[in-house]
Amino acid sequence: MRRMMLLVIALLLSVAGTGTAQERTINVGDAVINYDLTGKGRTVVFIHGWALNKSVWDDQVPVFSKRYRVLRYDSPGFGKSTGVSDESAEPADLLVLLEALHIDRAYIVGHSRGGGIALRFAAKYPEKVDGLVLYGSTPPAGIPFPPEFGQWFGSLPGIAKQHGLDSVGKLVLASDLAWAPPGRSDVGERLRRAWVSYSGKDLLDPRPPAGTVPLPDITRLSTLKMPTLVIVGDHELPFLAAAADTFAYHIPNAKKSVIPNAGHGAHLAQPTIFNGTLLDFLNEVDQTKKKVERARKK
């Protein structure tokens, strides 16, 4: 019954023109999600990282929409989307969004926190996934963050409450998470602009996760059969680079690509290389699908 109600609600879409793409909202029951859809063809979904919003994919949309239908959205609790941040609930919200748009299957691309969302979605709804891209993704369940990073990140709620989100932003943008090649002040500026839209609700008013869709552990990775691309910058945080190796090793149909002279924001620092790497992967999967379809018709 709840599923049917969500789908009915999901069909009530509001539209506001924003140039080439149309910015839209959809009510998924617990949140109103802000998204846009551009292009035609197989669908590619881009999921942003923590404290960011869908604008960080601005370098990808015009490139990929020439060959694909590109769907990007603000995660609940971020950007212009309402609701609360809950990585365990977001895969179900994404399913509602896809079903409301009559998208049966899609390539799912997740960055950082978004990589965890993509991984949960792929494990829970594999029939909806043409291909999976884990980019700078958080580790699978059972692999804790390094103590120093956990302590640093765990200190952010207190800093936000005592000194404000501006102070948190300065710490984050000065950290290795925001590493960019020397002389690339434009990357930092892009991140600062994205930070302005961050409400900080997950720090100021944290909520316990619903546990709707659990994060797979290493043993579950071997059950993922979809083609998978693992992307990591060569200046990525060591524990995230190790997570990339874990994904590439344990997911059966996975391969890893390293973006040179890039850190956690490789798609911002090296968009041409990032886009080419991702396009090559999608094209390879597309060609394989066509061969399979032709063989079935014989």
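## A buried ring pair

Phe46 counts as buried, at 0% relative accessibility. Buried means under 20% relative accessible area, exposed over 50%, and partly exposed in between (1.4 Å probe, protein chains only). Trp57 is buried too, with a relative accessible area of 0%.

This is a predicted model: local features need pLDDT of at least 70, side-chain atom pairs count only at pLDDT 80 or more, and totals for chains, interfaces and linings use all residues. Residues are numbered from 1 along each chain as its sequence is written, and side-chain values use heavy atoms, leaving out hydrogens and water.

## Aromatic pairs

The whole structure holds 16 aromatic pairs. The ring centres of Phe46 and Trp57 lie 4.8 Å apart, with planes at 40 degrees, so this pair is tilted. Rings of Phe, Tyr and Trp (its six-membered ring) pair if their centres lie within 6.5 Å; planes under 30 degrees apart count as stacked, over 60 as edge-to-face and the rest as tilted.

Phe46 sits in strand 4 (residues 43–47), and Trp57 in the loop between strand 4 and helix 2 (61–64), so the pair ties together parts 11 residues apart in sequence. Helices (H or I, at least four residues) and strands (E, at least two) are DSSP runs, numbered from the N terminus.

Trp195 and Tyr198 are both buried. Ring pairs link them into a cluster that includes Trp50, Phe78 and Phe239.

## Helix 3

In helix 3 (residues 90–100), 10 of the 11 residues are buried, so the rest of the structure largely encloses this helix. Among the buried ones are Glu90, Asp93 and Leu97. His102 follows helix 3, and its phi is positive, near 60 degrees.
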